[in-house]
Structure formats: C-alpha cells, structure tokens
Amino acid sequence: MKTTVTLIAPPTAMQPGGYIATAYADRSQPGTSRADLEVQESTAGWTVALRWRAPQAVIDATDNPRQFIDGAALFAPTVKDAPWISMGTPDMPLEGVLWRADRAQPWRVSAQGLGSVQRAEAPAGWTTAARYANGTWQLTFTLPAFAALTVTRQLGFAVWQGAQSERAGLKSVTPGWINL
Amino acid sequence: MGFSMVIDLNKCIGCQTCTVACKRQWTSNEGQEATWFNHVETKPGRGWPRDFHDMTPPAGVYAQQGLKGRIPMLAESGGRWQFDLESLKPGRYDPQKPLAPKTAEKGNAPDWGPNWEEDEGGGVFPNSYFFYLPRLCNHCEEPACKKACPRNAITKRDDGIVLVDEPNCRGYRFCVEACPYKKLYFNPQLGISQKCIMCFPRVEKGLPPACVGSCAGRARHFGLLEDPESPTHRLVKKFGIALPLYAEKGTQPNVFYVPPFSATGFNADGTPNGQQRIPMDYLKELFGEEVEQVMATLNAERAKKARGEPSEIMDELIRYTFNEAWKLPAEEEFGKHV
C-alpha cells in the first residue's frame, strides 16, 4: 500500500493538564501538512516507510532548550476502531513504535489515553533506518512482529518537527486510522 | 498547604553559601552545569535567567488563551559554564590567565550567569542601593509547572513539596515554559526536567533543607505554614511580615520574603533625609502593595526594640537560637503525609 496522507494537528483543547489547552489554543495547523506512507506485509513481518518535509532536522538539542528532537511514531489499535486522536482507552489500548532522531534503536510504546504513553525497549528485530536529505526525512520501520497491526490492520502515525517546538501532543497526525 | 520558607532579606549577605550547599548536594552532575536549584541574585537587576520576570504573562500563564511562557535560552542563563581546572595544577598555573569560565556550547566567555550583577546598585549616588534576593522553587499552591505537564509527571505531595517524577518525565519542557520563576531546568544529559526538591530526604529525617541549615546570616526560616508553632506560620500568618515574590503571577508561592530596609538617603546638601533608599515603588513591583504596610510594621517594631521595649516580631527575626529557625514534624509523622 502506498499513499500520501494529509496530516492534522490534534485539538489542543483535549490536552491534559490545563496549560497546553489554553496557552496553545491558537495552534490549529500541523507542523507537517502531509506525509508519504508505504506499508508492506510479508512473511518476514511489516515494513512501514514514512517520508515528510522538514526544513530543519533536529537531532541534538543540547545547546538549544527551545528545540526538540525530531520523531515519528506508528500506532495500531489492539481493538479495531479504538479512539485514535485521544490515544486509545484502558479497555482499548494502542500499541506502537516510536523513533527519535537521536537514537539508533526505536522504543516499543503503548497508550491507554492522552498522556499515558509508556516506553519500553523494542523487541528484537525492530529496527529503524532514517535518512535526512534535501529537507526531507525518510524513515523505514522494520517490524518482524507487530501483533496489533496484524490483527486489526489499522495504522495511524504521528510526526514531530522539533524545530517547530513540536513535542508531546503538539504534533502532526493522521486524521484517523488508515485501513490496510 | 505544607512546607514553606521565609527569607529575611535584611539578613541575607549574598554569600551564596546556600547556593553552594545546594549545588554540592543535588546538581553537580553532568547536564546540570546551568542548573541552580537555589541562587542569590542582586536587586535591582534583571535577575537570572536574564529578565525571567518577563518570560511569562503577568496575569498567570494558564489564565489567558494563547499566552505562552517562554523557555529561557542558554544564553539568557549564561550558558553551561566550564572551568579548566587543570590550569591550576603546579607548573601549569599562569597568573596572567586566572581561572575563568567558558561556555560548553560556544567556548566563549559567558556574558550572564547567576548573580551576574553582583553588588550593582540602583539609584543615583549618594542614594544608591542594592539588596540580595535568594531564589528557589516556590513549591506553589497552584504550581504552573504541574498544570503544564501533559503526563502528570509533576506532583505536589500532601506536605506541599512539588516534585518532578523523573522516570515519568519525557523532557517536553512545558513546565520550564510555564513556571513564572524559571526554576525548572532541562537536563540535556538525562532528557528530563529537574527542580528543587526542598531537600525532602533531609526534611523527612528532621533536618532542614541544605539552604536553610547552611545560611550564614540566619536569614532562612522553615516549617509547615499551617502549624502555629512553625516560624514560617508566625512570620507569614501571625505577624504578616513576609510576602511572596511576584504574587500577581497567580501561583501562590510558599516561599516568602521579609522585605529589605536600606540606609537613609541624603538631601542635595548632603544631610540625611531619613528616607529609605530602596524606592517603595520598586518593592511594590516585587512584593505587591502590601509591602508598604509590612515596612510600616517592621519600622514600628524596630523602633520599639531601639527604645529597649520588647518586640516579639524582632525577636523572631533576630533568631537568637539558630535551630529554632525551622520546625519539622517528627520522622514518624512523615508516613502520614507522603
């Protein structure tokens, strides 16, 4: 499957805590407006490739506390049509993988609602290959076993452009699940 | 309510013993070069980080739509200072090149830092003035940092101490952005935010925070704000002579200050005019309108003492016995709080 996805900014009004919802109430546009997605399933598992424009790559923010590391995450619902924008629920958790530009290995992630994402070491064989050139990130996830995706065949993803102070719920996401 | 601190600005001598005690105890690791849970700055001045007061909207960062706080740039903190300590070794020391900091990020001489404006006064000679303002996390009743964290990784304990749950922190820095006092710090080595922990491991064992216990001027008082036997309760609630900094930010700090007196000013002909050199308007900027009444109370109590009359307030501030500057619950009591 190969497609181009128009991304959205999740509504800041739903962000937990109280500060982001008001301080960032004027943020309605995603930092990344669209991304190319290519998904392949084989006997070896899943390969998911993302490609998006990023005028400035941030892989190290040590000297600039206002910048954040670029990143991207794939999620699949463990139960078909689990809430996507609000990141699942305790009864309908999401499973996924998180890449950050300063790390060689991805994290395995799970979520049961906004602000609940937990990171863990990725299973053996989960790898990412990232390349930044000509203002574009090209990122490929190789996931030999991604049970949630295999079961529900629904996928969503998020992209963070650190140069635009994107982090946490300030991100660019697919508007809903993409049915494979 | 919970633990609170009162700092008597008339007794702070700017020695930074508190700063060093804190730094040695908590923030001397890599990634914490620009982290000072406690520092003392000179007023009037732009403070640290530079112009921190202007980095959040005056009415409270979460009170108004679209008004964000600002994360200080490293340059506004003066950068991550590093020293070539090897140059001090025998045979390498060059008196023409005294030990001086360079920033880790640019290798240049810093142009700002904690208490960069040391002893720089305001006013016009001979009516110049300055005073010291120690600053640390205010462990606010309504912590802006806590409301800013989308992961709920900042907690306010039942005893009032505000902590970052470091394993749960992802380094998003909304807390740094939202804090009006800029007393949260991003640790780039660990990828998390860190802040003053009010020395809770010491406090739980009946010891005062390091900054309190090390204060050479006996300027700091510590205890539970609601405990009538606590020195902070007496100074804030009973006597009403200690005020929070920038109360208009709306976070209800639990660190309070006894406002400073200054030497008498002079008339143009050189005769003393009996007026405080620190302008009342400036004190109001820092501590609000109430400071005028507090200064009047302090003046009256000082006058009593000068006349040889008893003054409960001045005795409290003089602090004849240092160990009475803090009152802590017994160690076994802590299980009930945390």
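Mentor: Start with a cut-off: a residue counts as buried if 20 or more other C-beta atoms lie within 10 Å of its own, with C-beta atoms placed from the backbone. Now apply it to strand E9 of chain B, residues 192-195. B:Ile192 and B:Gln194 point one way, B:Ser193 and B:Lys195 point the other way, and all are buried. So both faces of E9(B) are covered by that count, 20 or more being the threshold for buried.

Keep in mind that this is a predicted model. Chain B has an average pLDDT of 93, and 95% of its residues score at least 70. For the complex, the predictor gives an ipTM of 0.95 and a pTM of 0.94.

Next, the partner of E9(B). Strand E8 of chain B, residues 184-187, runs antiparallel to E9(B), and 4 bridges join them. One of the pairs is B:Leu184 with B:Lys195.

Move on to the open sheet of chain B. It has 4 strands, in the order E10-E1-E12-E11, and its pairing is mixed. E10 (220-224) and E11 (243-244) stand at the edges with a single partner strand each, so one side of each has no neighbour in the sheet. Strand E1(B), residues 3-8, pairs with E12(B), residues 255-258, in the parallel sense over 4 bridges. There, B:Ile7 stands opposite B:Tyr257.

Helix H8 of chain B covers residues 280-287, and its buried residues are B:Leu283, B:Leu286 and B:Phe287. Down the axis of H8(B), they fall within an arc of 75 degrees, so they line one face of the helix. An α-helix has 3.6 residues a turn, so residues three or four places apart point the same way. The cover over the buried residues of H8(B) includes E11, E12 and helix H9 of chain B. Just after H8(B) comes B:Gly288, with a positive phi of about 85 degrees.

H9(B) itself deserves a length check. Its 16 residues should span 22 Å at 1.5 Å a residue, and its end C-alpha atoms are 22 Å apart, which agrees. The buried residues of H9(B) are B:Val294, B:Leu298 and B:Glu301. Their arc about the axis is within 65 degrees, so these too line one face of the helix. They pack against E11 and helix H10 (312-318) of chain B. The other side of H9(B) has exposed residues, including B:Gln293, B:Asn299 and B:Ala306. B:Gly308 follows H9(B), and its phi is positive, near 85 degrees.

Last, the contact with chain A. It takes 23 residues from chain B and 20 residues from chain A. On the chain B side, helices H3 (144-148) and H4 (174-178) each supply at least two residues. By class, that side has 14 nonpolar, 3 polar and 6 charged residues.

Strand E1(A), residues 2-6, has 5 residues, and the number buried is 0, so it lies largely in the open. E1(A) pairs with strand E2(A), residues 34-42, in the antiparallel sense over 5 bridges. A:Lys2 has A:Glu38 as its bridge partner in E2(A).

Methods
Residues are numbered from 1 along each chain as its sequence is written. Chains are lettered from A and ligands numbered from 1 in the order in which they are written. This is a predicted model: local features need pLDDT of at least 70, side-chain atom pairs count only at pLDDT 80 or more; totals for chains, interfaces and linings use all residues. A residue is buried if 20 or more other C-beta atoms lie within 10 Å of its own, exposed if 12 or fewer, and partly exposed in between; C-beta atoms are placed from the backbone. Two strands pair if DSSP finds at least two bridges between them. Two residues are in contact if their C-beta atoms, placed from the backbone, lie within 7 Å. Ala, Val, Leu, Ile, Met, Phe, Trp, Tyr, Cys and Pro count as nonpolar, Asp, Glu, Lys and Arg as charged, and the others, Gly among them, as polar. pLDDT is the predictor's confidence in each residue, from 0 to 100. The arc is that of the directions from the helix axis to the C-beta atoms. The expected span of a helix is 1.5 Å times one less than its number of residues.
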